[in-house]
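The structure comes first, the reading of it after.

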Amino acid sequence: MIFRFGVAGDLTAPSEDRLTVGDPRIVDFLAKLARKLLTPALARRHPELGSLGYFLRPAELRRAVARMQRDDALVFPRGTVFHLPPANVDTIFVYSWALSALAGNHNVVRISTRAAGAAEAIFDALNAVDADPVIARTQRMVTYGRDDAITAALSRWADLRVIWGGDAAVDAIRRHPLRPSARDLTFPDRTSWAVLSVPGWRAADPAARRAAVTGFANDAYWFDQAACSSPRTVFLIGDGDLDAVRREFLDLLLDVVDQRGWTVDAAMAVEKRVHAYGLAATGAATAVSFPDNRITALTLTGSDQVPRRWIGAGAFPFAHAGSLLDLVPAMTRQDQTVSHFGFTPAELGEFATALGGRGVDRIVPFGSALTFGAIWDGYDLPAEFTRLTTLQT
Amino acid sequence: MSVFTLPQVDKEAVLLPQLADLTKHHRANCEPYDRILAASGFAEAADLSALPWLPVRLFKTLELKSIPDDEVFKVLTSSGTTGDVSRIYLDKAAAAEQQRRLAATVQTVLGPKRLPMLLVDTKAMLKDRRSFSARGAGVLGMSTFGRDHVWALDLDGRVDLAAIRGFLDQHGDQPFLIFGFTFLVWLHLYEVARDHGLDLSNGILIHSGGWKKLVDQAVSPAEFRSRLAGVGLTAVHNYYGMVEQIGTIFLEGPDGGALYCPDFADVIIRDPETWAELPPGKPGLIEVISTLPTSYPGHVLLTEDLGVVHGIDDGAWPGKRFSVLGRLPRAEARGCSDTYREAS
């Protein structure tokens with residue numbers, strides 16, 4: 001076992017250390033970490049660290065702590081938390097760990113052997129912070145291989161187990177029992193969408209259209225379109241010249257991709273062909289076009305044909321619907337984020353209400369799909385990481 | 001009779017109408033294939049490079065066949081890197097034709113008569129259903145071109161020196177055929193012949209399989225050839241082929257160092273950025289073209305192998321001279337969703 005952060009030793013041993021909700025030592029530590037992550041050189045190399053640093057600023061931390069407070073109960077840390085973040089999203093482990101630490105929990109985070117790039121920069125930053133010794137004793141990040149014995153022991157130790165990484169990971173980890181009083185917080189396979197109002201697009205001026213596509217490009221390309229909240233299918237909503245809107249959208253997208261200098265490697269380009277041809281072969285798509293190696297555009301036969309699998313970086317199936325409400329029957333519990341452009345708040349409100357919680361957890365503007373929030377996947381994370389004691393006198 | 005006869009211009013003139021007809025044939029008989037071509041807007045091709053190619057991996061995810069179910073005579077499978085399996089459907093005519101063309105291709109270097117054959121493999125491998133699909137099919141397919149077969153490895157996969165010696169005592173003074181996977185030949189034949197002074201000078205070696213293990217040991221194709229020459233083995237023919245284009249093999253010429261296309265097949269190297277055909281000297285993805293696939297739409301396939309054409313009509317045989325450079329490294333997307341299946 002490799003200790004990436006924290007004191008090496010028995011992870012499940014009882015501890016004398018006690019942290020509180022919003023413990024000043026943790027707040028201080030996270031604020032210092034934020035400063036390290038926000039240094040211009042680092043943020044330039046790994047733009048996602050910029051967003052993470054922003055999330056960890058003192059003002060944000062205070063807001064998160066405030067969300068944990070209640071008038072009707074005393075709020076305490078949940079206890080011990082075992083985190084199993086996704087293998088390869090370099091920053092997500094910090095978000096869930098940081099919120100849990102802020103709630104005063106003792107945490108063990110299992111870091112994938114595949115973690116690289118931005119994750120390494122994060123460990124450097126974590127280990128460089130001048131911290132109270134209690135931090136290293138209560139917050140540990142470790143890497144170990146496929147060792148069921150360790151996973152089982154940590155599962156028995158935890159009051160809360162946080163499992164990311166999709167359905168298969170959740171099923172595999174759940175073979176290891178928790179204590180009767182403990183529970184799981186799971187982040188299974190998710191699909192996310194983009195919705196674009198055709199009349200809204202028409203009404204927007206060129207600058208607004210370009211800004212929208214820039215936001216969409218960040219949402220889609222930052223994690224190779226594979227983050228759970230990355231938009232996959234684009235729904236064109238409403239009536240008008242759909243082809244013209246789509247053409248302009250794709251032209252602008254290619255422009256942004258060019259400006260950023262993003263590339264798609266050969267294997268990914270082949271991957272996209274395999275999936276795109278697969279959708280054509282089964283009749284789900286009627287047109288497949290490759291305006292550029294970095295963009296694969298497909299025309300779906302209907303909004304009921306949307307693929308829920310990842311197709312590749314820069315693969316955009318397009319479907320049409322008359323109104324947002326027409327999408328409601330197609331949305332499922334697997335669906336997480338809908339990023340939007342060109343709709344009125346009333347239209348979005350009506351859509352959210354009609355969904356009725358049966359699908360879609362987040363409705364956000366283009367450019368915000370990847371922005372992590374304390375409410376995620378339908379959970380109020382600060383509430384999940386704490387426990388309540390009521391006192392009647 | 002050689003199947004390596006056509007200069008490039010003549011070959012393209014012969015192949016283009018046949019492949020255009022095949023494309024029409026498969027569109028008419030394989031609905032998913034027709035849908036793919038319709039969705040990508042394909043009408044017709046003015047030259048070989050404009051023919052619509054399918055990624056070879058598509059045979060792992062889709063059932064693609066141009067024959068009715070009751071005419072399926074054989075289903076070939078290949079194990080893939082991701083655990084998915086390609087399924088190739090042959091009817092009786094296609095199965096016979098691929099065997100006939102394979103025979104014609106290897107007879108170019110073996111002559112018309114069946115030769116005594118040393119198989120650098122273990123018979124036990126045929127029993128293992130898992131490895132059978134890939135390795136076993138290769139060995140079985142090639143074994144029909146030899147006689148008096150002897151396995152160079154025993155049932156536990158160890159070198160059977162007595163068997164090899166027995167084979168050479170009986171057949172070593174006349175031409176004989178050696179077949180095996182490249183890495184096994186290196187490890188279990190070359191090194192044994194070197195250490196025990198075996199005389200392989202009448203052998204004709206046909207070998208295939210990835211070079212990766214050998215490259216890891218710093219053995220290049222040129223080094224492989226020259227070291228084999230050191231044990232007398234100078235008739236050495238590497239080949240490149242795949243189950244998705246069964247019956248078509250691209251064979252190393254007598255001068256060594258490059259593969260050639262039989263008259264009914266060709267290769268195109270594509271730029272993975274622009275997908276345009278690349279000129280000789282520029283490495284890219286290998287597209288394999290063959291007129292043999294009549295029962296499934298596998299006549300124009302984009303492989304995930306990298307290769308380079310060295311020259312055209314300038315080698316021992318006419319047509320394109322090319323090398324396989326290795327596998328395209330697989331991309332890993334970064335994501336938290338269903339692309340990641342790490343269990344614990």
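## Aromatic pairs and buried sites

Over all chains, a search of the whole structure finds 33 aromatic pairs. The model is a predicted one. Two of the pairs are set out below.

| Pair | Centre distance | Plane angle | Class |
|---|---|---|---|
| A:Phe216 and A:Phe316 | 5.4 Å | 50° | tilted |
| A:Phe249 and A:Phe318 | 6.1 Å | 85° | edge-to-face |

Take A:Phe216 and A:Phe316. The former lies in helix 11 (residues 206-221) of chain A and the latter in strand 12 (residues 315-321) of chain A, so the pair ties together parts 100 residues apart in sequence. A:Phe216 is buried, at 0% relative accessibility. A:Phe316 is buried, at 0% relative accessibility.

Now A:Phe249 and A:Phe318. Their planes stand at 85°, which is over 60, so the pair counts as edge-to-face. This pair also links distant parts of the chain. A:Phe249 is in helix 12 (residues 242-260) of chain A, A:Phe318 is in strand 12 of chain A, and 69 residues separate them. A:Phe249 is buried, with a relative accessible area of 1%. A:Phe318 is buried too, at 3%.

Which cluster holds these rings? A:Phe216, A:Phe249, A:Phe316 and A:Phe318 are among the members of one aromatic cluster. Others in this cluster include A:Trp201, A:Tyr221 and A:Trp262.

Charges also sit over rings. The charged end of A:Arg273 is over the ring of A:Phe290, 3.6 Å from its centre. In chain B, B:Lys65 lies over the face of B:Tyr89, 5.5 Å from the ring centre.

Next, a loop position. A:His46 is in the loop between helix 2 (40-45) and helix 3 (47-55) of chain A. Is A:His46 buried or exposed? A:His46 has a relative accessible area of 14%, so it is buried. Beyond residues up to four places away in sequence, A:His46 touches A:Gly117, A:Ala118 and A:Ala121.

Chain B has its own buried sites. B:Ile164 is in helix 6 (residues 161-171) of chain B. Its relative accessible area is 0%, so B:Ile164 is buried. Neighbours within four places aside, B:Ile164 contacts B:Leu118, B:Ala152, B:Val159 and B:Leu198. B:Val120 is 44 residues from B:Ile164 in sequence and 9.5 Å away in space, C-alpha to C-alpha.

Last, helix 9 (residues 221-229) of chain B. Its buried residues are B:Phe224, B:Arg225 and B:Leu228. Seen down the helix axis, they fall within an arc of 95°, so they line one face of helix 9 of chain B. They pack against several elements of chain B, including helix 7 (182-196), strand 7 (203-208) and strand 8 (235-240).

Key
Residues are numbered from 1 along each chain as its sequence is written. Chains are lettered from A and ligands numbered from 1 in the order in which they are written. This is a predicted model: local features need pLDDT of at least 70, side-chain atom pairs count only at pLDDT 80 or more; totals for chains, interfaces and linings use all residues. Side-chain values use heavy atoms; hydrogens and water are left out. Buried means under 20% relative accessible area, exposed over 50%, partly exposed in between (1.4 Å probe, protein chains only). Helices (H or I, at least four residues) and strands (E, at least two) are DSSP runs, numbered from the N terminus. The arc is that of the directions from the helix axis to the C-beta atoms. Contact means heavy atoms within 4.5 Å. Rings of Phe, Tyr and Trp (its six-membered ring) pair if their centres lie within 6.5 Å; planes under 30 degrees apart count as stacked, over 60 as edge-to-face and the rest as tilted. A charge sits over a ring if NZ of Lys or CZ of Arg is within 6 Å of the ring centre and within 35 degrees of the ring normal.
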